[in-house]
Amino acid sequence: MDRREFVYHMRRWQKGSISRRQFLGVTGLGIATAVLAKAMPELVAPRAAYAGDLGDRVSLTTWPNYHDPKNFEDFTAKTGVNVEVNVFGSNEEMLAKLQAGGTGWDLFVPTNYTISTYKDLDLIEQLDLSLLPNYDPASIEKRFVAAGTIDGKTYAVSKDWGTTGYAVNTKKITEKMTSWKDFWDLAMGKYTGRGMVHDYQLTTIGNALKYYGYSFNSIDPKELADAEKLLLAAKPHLFAINSDYQPSMRNGDAWLTVCWTGDAKQMHKDLPEIEYVIGKEGGEIWSDFYAIPKGAPHRAAGYALADFLLTPAINAKEVLAHGYPSADARTNKLLPKELLEDPIMYPAAELLAPLEFGAAATLTNPARAEIMARFKSA
Amino acid sequence: MKRAALSPPPTERGPGEGPFYFSIFMTKTTASEQADRRSRWVTTLLLAPSAFWYLALLVAPLAVVVVFSFGERAAAGGYQAAFTIANYLNLPARAAAFRNTLVLAPLGTIVCLLAAYPLAYYLAIKSSPRIRLFLLILVIVPFWTSFLIRTYAWMFILGGRGLPSVIEWLGLGEVRLINTPLSVLIGMVYGYLPLMVFPIFVSLERLDKRLIEAAADLGSNPWRSFLQVTLPLSAPGVITGCMLVFILLMGEYLIPQLLGGGKVFFIGNALVDLFLQSRNWPFGSAVAMSLVIIMLATVTIYLRVTRRYGAGRDVSLL
């Protein structure tokens with residue numbers, strides 16, 4: 001087996017059904033999964049072009065099923081920098097790691113509502129936009145530029161955006177589901193043992209709040225108490241509390257789950273009976289960003305990777321792989337028309353209207369953190 | 001810590017026990033004094049690395065945990081200096097995690113013991129030497145693969161398309177295994193069985209087989225010989241194995257996480273949550289301290305009780 005073939009097989013293994021996504025998502029440890037290139041750097045000879053400036057590796061911290069691995073290979077081929085990918089399950093976990101310090105991350109993917117906290121805690125740096133020539137704020141939807149900008153300074157640049165609804169296996173569940181009330185009632189009733197919720201305070205508590213019609217972002221003690229009551233009542237009926245729900249949905253153990261846009265898109269592509277519902281009461285709309293942590297050991301390479309992934313042609317490939325819509329008009333021009341009209345990726349305006357962006361207060365609110373922890377350990 | 005508690009006390013070299021060649025050249029008292037001093041030096045040097053290890057990596061962090069457990073959660077999470085016992089008063093909020101751990105860890109230990117003893121007995125007493133080596137290797141082989149991967153495999157075996165589908169196909173009804181206490185128990189027994197097999201195997205292998213023959217000669221039936229000869233003599237292995245497995249199970253995190261689906265929560269999982277999700281270090285420290293105290297108490301009582309059976313004195317780890 002020559003080098004190329006070995007790399008090919010290794011890649012296939014990485015993309016196989018027991019993928020690192022399941023592995024790391026489920027354990028929630030956020031253990032680094034070293035990409036082949038990192039484990040055996042000598043396999044990929046550094047190219048001269050950038051090697052001198054950028055070093056030989058960059059550490060990216062991101063979410064499950066969130067990139068096209070081929071793009072990382074291309075980046076390595078172009079720059080000689082090997083990409084090490086860490087996969088996390090919640091923003092809270094990312095924050096905990098950054099607060100503890102010494103992460104070694106060069107680039108990471110925080111969600112809109114966390115950015116102001118990272119800035120206040122002095123954990124991310126103000127971006128040097130001259131190092132991101134492929135980022136063009138003018139071509140990006142304004143609201144997604146705004147979330148990364150604080151006092152006119154850019155701290156994070158838009159990666160993509162999406163919604164949090166739920167996925168339903170319509171072969172098993174014949175009821176027409178349209179709301180969060182439907183979700184919780186059926187998960188606790190007729191379909192006991194088949195529902196899943198995220199291991200993530202924002203969406204799990206937020207969508208329990210939606211059951212009562214409260215704000216997704218509520219930190220009101222009385223409303224949170226109601227949400228906790230619902231969660232504790234639902235817990236014995238749930239199949240699992242896990243942000244890595246694709247395997248259980250795909251093999252038929254779980255029939256309905258709280259779900260993000262891209263996961264719904266990926267599952268629907270393979271199993272058309274899995275459909276995506278946005279609760280009519282509302283819920284979450286979010287956007288993810290690239291940001292550079294303070295003291296990144298390979299800072300220049302972090303910028304180079306972000307810039308590479310934001311290049312419209314590369315970003316279009318990313319979108320095709322992960323199924324989350326991009327906010328960049330230049331990228332969207334390169335995508336097939338049916339993708340831009342996909343109802344999972346681009347829900348109808350009346351469904352989008354009541355959705356809320358996560359609020360910064362939920363990230364640090366001790367009551368929400370404790371309710372989630374109590375729900376899990378109940 | 002458990003090693004320290006288990007190992008026999010270091011034997012002090014008494015006066016006059018120094019290497020005898022000193023006494024050839026010197027008067028007896030000086031020689032033994034010097035030898036004494038020298039041996040003390042050697043002892044100190046030999047113990048220094050482990051003492052450093054123990055102090056820097058166990059005692060010091062534990063002290064930090066104690067201090068943290070009386071603190072407060074900072075606004076954005078983490079630790080903020082304070083002195084409050086609120087964290088300890090809040091412990092009942094994790095009652096379910098404590099209950100799961102305190103029920104499933106001992107249960108897992110007992111099932112491990114029941115499964116391991118016959119195997120160890122067969123290996124040590126019944127099997128021929130050649131088969132024995134082969135079987136011992138089979139017991140060790142799983143260790144060549146990461147524990148994480150092996151536990152992950154059980155997710156598929158216990159998942160809807162694994163064992164339950166076979167059970168259903170056999171017409172035994174619909175069952176659910178994954179994400180139940182039973183699946184966690186299965187995972188624990190699978191994962192820790194070898195740690196139980198080896199100590200028991202060693203103590204059974206060292207057993208003088210002539211004692212069993214003697215019992216038979218004296219008219220004892222096999223069952224009675226087992227109860228009155230073999231079992232008591234294998235007690236040290238049983239005691240060691242149970243302790244090893246129990247201590248590890250009490251701190252288990254991975255198995256409940258993967259096979260419990262976030263529904264069967266151990267203290268270990270509650271701790272990870274408190275430190276890595278809700279970032280409540282002080283409460284996490286209080287939970288961790290409670291676990292340490294529970295473990296210390298249980299292990300102490302366990303050793304007291306088992307010593308009565310004449311085995312506590314020479315408990316060895318392997």
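Start with the contacts inside chain A of this predicted model.

Now color chain A by element. You will find 20 helices and 13 strands. Switch to burial next: of the 378 residues in chain A, 52% are buried.

**Stop one: helix 15**

Select residues 312-322 of chain A, which form helix 15. Which residues of this helix are buried? They are A:Asn315, A:Ala316, A:Glu318, A:Val319 and A:His322. Look down the helix axis. These residues lie on the same side of helix 15 of chain A, because they cover an arc of only 160 degrees around the axis. An α-helix has 3.6 residues a turn, so residues three or four places apart point the same way.

Then step off the end of the helix. Just after helix 15, A:Gly323 has a positive phi of about 75 degrees.

**Stop two: where chain A touches chain B**

Show both chains. Here 30 residues of chain A contact 31 residues of chain B. On the chain A side, select helix 2 (20-27), helix 6 (91-100), strand 9 (238-241) and helix 20 (366-377); each gives two or more residues. Which element gives the largest share? Helix 20 of chain A does, with 8 residues. Finally, color this side of chain A by class: 13 residues are nonpolar, 10 polar and 7 charged.

Methods:
Residues numbered from 1 in each chain as written. Chains lettered and ligands numbered in written order. Predicted model: local features only at pLDDT ≥ 70, side-chain atom pairs only at ≥ 80, totals over all residues. Buried ≥ 20, exposed ≤ 12 C-beta atoms within 10 Å, placed from the backbone. Helix = DSSP H or I, 4+ residues; strand = E, 2+ residues; numbered from the N terminus. Arc of directions from axis to C-beta. Contact = placed C-beta atoms within 7 Å. Nonpolar A, V, L, I, M, F, W, Y, C, P; charged D, E, K, R; others polar.
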